[in-house]
Amino acid sequence: MKVLLNTGSTIDEGRLAKGGDKYTEDYRQECAVCWISPCDFASLGSPEKVKVTSKDEKHSIIVFTKCTDAVMDGNVFMPRAIWSNVVIDPDTFSTGSPLYKGNPVTVEAGEGEVLSAEDVVLKLYMGGN
């Protein structure tokens, strides 16, 4: 399903990040998640996890799902953290900051491990195991 990804801070994401807790399970549970509208969630088969893929299809990440009325159909939300950074468009248009709103992505039911923040860095950015 093609949707628009919006990212931003949540209260708990900010609390955990500013508190130095980016490597905790609480941070993973808060930030490695994709908020999906009830209609889109049902269309995907009500999965526990989804695979979010960048518009160029070069990058993807498995995250937990959160079914919520807080997002509109055709849109998803992910807290602005390392998991969403995997799939947002890195182009900054000379501003020094990528677009955190309105990124076209593909979302599909996913299986596999939801990586910790440390494992995202090691496996996706540093090519480690």
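Strands here are DSSP runs of E with at least two residues, numbered from the N terminus, and two of them pair if DSSP finds at least two bridges between them. In this predicted model, where local features need pLDDT of at least 70 and side-chain atom pairs count only at pLDDT 80 or more, totals for chains, interfaces and linings use all residues. Residues are numbered from 1 along each chain as its sequence is written, and side-chain values use heavy atoms, with hydrogens and water left out.

**The barrel**

- With mixed pairing, 6 strands close into a barrel, and their order is β1-β5-β2-β4-β3-β6.
- Neighbouring strands of this sheet are turned against each other by 45° on average, direction ignored, with axes taken as lines fitted to C-alpha atoms.

**Strand pairs**

- Strand β1 (residues 2-8) runs antiparallel to strand β6 (residues 103-109), to which 4 bridges join it, and Val-3 stands opposite Val-105 in β6.
- Strand β1 is also joined by 5 bridges to strand β5 (residues 75-79), and these two run parallel; the bridge partner of Leu-4 in β5 is Asn-75.
- Strand β3 (residues 49-54) pairs with β6 in the antiparallel sense over 5 bridges, and Lys-51 stands opposite Glu-108 in β6.

**Cysteines**

- The structure holds 0 disulfides, a disulfide being a pair of cysteine sulfur atoms within 2.5 Å.
- Cys-31 is in no disulfide, and the nearest cysteine sulfur, that of Cys-34, is 13 Å away.
- Cys-31 has 0% relative accessibility and therefore counts as buried (under 20% relative accessible area, with exposed over 50%, partly exposed in between, and a 1.4 Å probe on protein chains only).
- The sulfur of Cys-67 lies 9.9 Å from the closest cysteine sulfur, in Cys-39, which is too far for a bond, and Cys-67 is partly exposed at a relative accessible area of 38%.

Notes: Axes fitted to C-alpha atoms, helices over the stretch in contact; angles between N-to-C directions.
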